[in-house]
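Please keep the sequence and the structure in view while reading.

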Amino acid sequence: MKFVLLVLSNFKRHKTRTILTILSIIVAFVLFAYLAAIRTAFSAGVSVAGADRLIVRHKVSLIQLLPQSYEADIERIDGVAEAMHMTWFGAIYKEPSNFFGQMPVNPEEFLRMYPEFHLPPEQRDAWLKTRTGAIVGRTTATRFGWKVGDRIPLLGTYWRSKEGDRLWTFDLVGIYDGAPETDTSNFYFRHDYFEEMRVGGQGMVGWYIIRVKDPKHAEDVAKRVDAHFENSPAETKTETEKAFVKGFAEQAGNIAAIVMAILTAVFFTILLVSGNTMAQAVRERMSELGVLKAIGFTDGQVLRLVLSEALIISIIGGGIGLLLGWMAVSAGDPTGGALPVFIFTPPARVLGAVFVILLGLCSGALPAIQAMRLNAVEALRRE
């Protein structure tokens, strides 16, 4: 703090260069906030997936159905507390681009299995009483302007109704919420209605979710489940819910790797820009640095002086960039609701702050070392 005024005065030499450098850093960290939010969106549910939940699907593929009778067998396996099933419905709301997940479930089992989904008691009771009732997550309800009491028409793509057409109509009886990183984009309706009205596929379901009694033994339970159905007409593959959700998200590609590649390129470029700014600043002040050393400044003080300049530029630009990025992401999903979760999470903000400090240290390291090694006599001769 002793030499703060000295550090700040150096920024006045080339105001335009300093401002442009800071603007470049701001843009980089706004981009960081958006990419972090996109990464969170594509891995929605992974971080909040239940440690005590396993997914049981067909060994060949997720699109292969399993017998509904498997539920009773699974619940008898040692270590399993309870089980429930889901099936992918895959219908269209108005336009094919209006994508969101739709699954038939048994309401009571579903609500016990997913306590992180918050549904008001009166809406829960209405779902249990309404044969055509459905609930939807807050994200999708907001996206389409749905409210409790609406009738939601969905056009089936694979599952057809016994009423003779592809149109299915549901009564929206509830809107559920969840923690910030919980996927609140899905649409759930009653399996008994689905089973009664669908054409074909009776007695078959998509996959099972099971709750284990002790998460420490989840791997052993998974092995016992697969062993039980080994050599059956429909063999199974059991994995943790986290692995299942992650694998489902990565069907669109390894989003995490893509985001990291883009961020690496951006920060390497900004590092070069900031490093060049600091290198030029040191070259232009060789004689002044020589004077500082001549009047008693130590090598360590000169090193800290130059590093402080780099850190201040990085902190100003990075801090503004992270703030603007957080505000932009908080304004909402730019796709209009296609991303189930779009938030700049606290861990991502902390990581951004770490990057700010690293950028300042790395961009100022070489110029600071050069200034530290500077010989006072030779520096004064350059004047």
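## Four-stranded sheet

An open sheet is built from four strands in the order E3-E10-E1-E11, with antiparallel pairing. Its edge strands, strand E3 (80–86) and strand E11 (236–240), each pair on one side only. Direction ignored, neighbouring strands of this sheet are turned by 25° against each other on average. Two strands count as paired if DSSP finds at least two bridges between them.

Strand E1 (residues 53–58) and strand E10 (residues 207–212) are joined by four bridges in the antiparallel sense. Val56 has Tyr208 as its bridge partner in E10. Helix H8 (residues 218–228) lies across E1, E3, E10 and E11 and runs at about 170° to E11. Such angles, from 0 to 180 degrees, are taken between the N-to-C directions of axes fitted to C-alpha atoms, for helices over the stretch in contact.

## Five-stranded sheet

Another open sheet has five strands in the order E4-E8-E5-E7-E6, and its pairing is mixed. Strand E4 (102–105) and strand E6 (151–155) are at the edges with a single partner strand each, so one side of each has no neighbour in the sheet. From one strand to the next, the twist averages 40°. E4 pairs with E8 in the parallel sense over four bridges, and Arg190 in E8 is the bridge partner of Val105.

Not counting residues up to four places away in sequence, Phe344 touches (heavy atoms within 4.5 Å) Phe32, Ala33, Ala36, Leu322, Trp326, Val329 and Arg349.

## Confidence and conventions

The model is predicted: local features need pLDDT of at least 70 and side-chain atom pairs count only at pLDDT 80 or more, while totals for chains, interfaces and linings use all residues. Residues are numbered from 1 along each chain as its sequence is written, and side-chain values use heavy atoms, leaving out hydrogens and water.

The protein chain has a mean pLDDT (the predictor's confidence in each residue, from 0 to 100) of 83, and 81% of its residues reach 70 or more. Among its elements, strand E8 (residues 187–190) has the highest mean pLDDT (97) and helix H14 (residues 376–381) the lowest (57). Where pLDDT is low, predicted coordinates should not be read in detail.

Notes:
Helix = DSSP H or I, 4+ residues; strand = E, 2+ residues; numbered from the N terminus.
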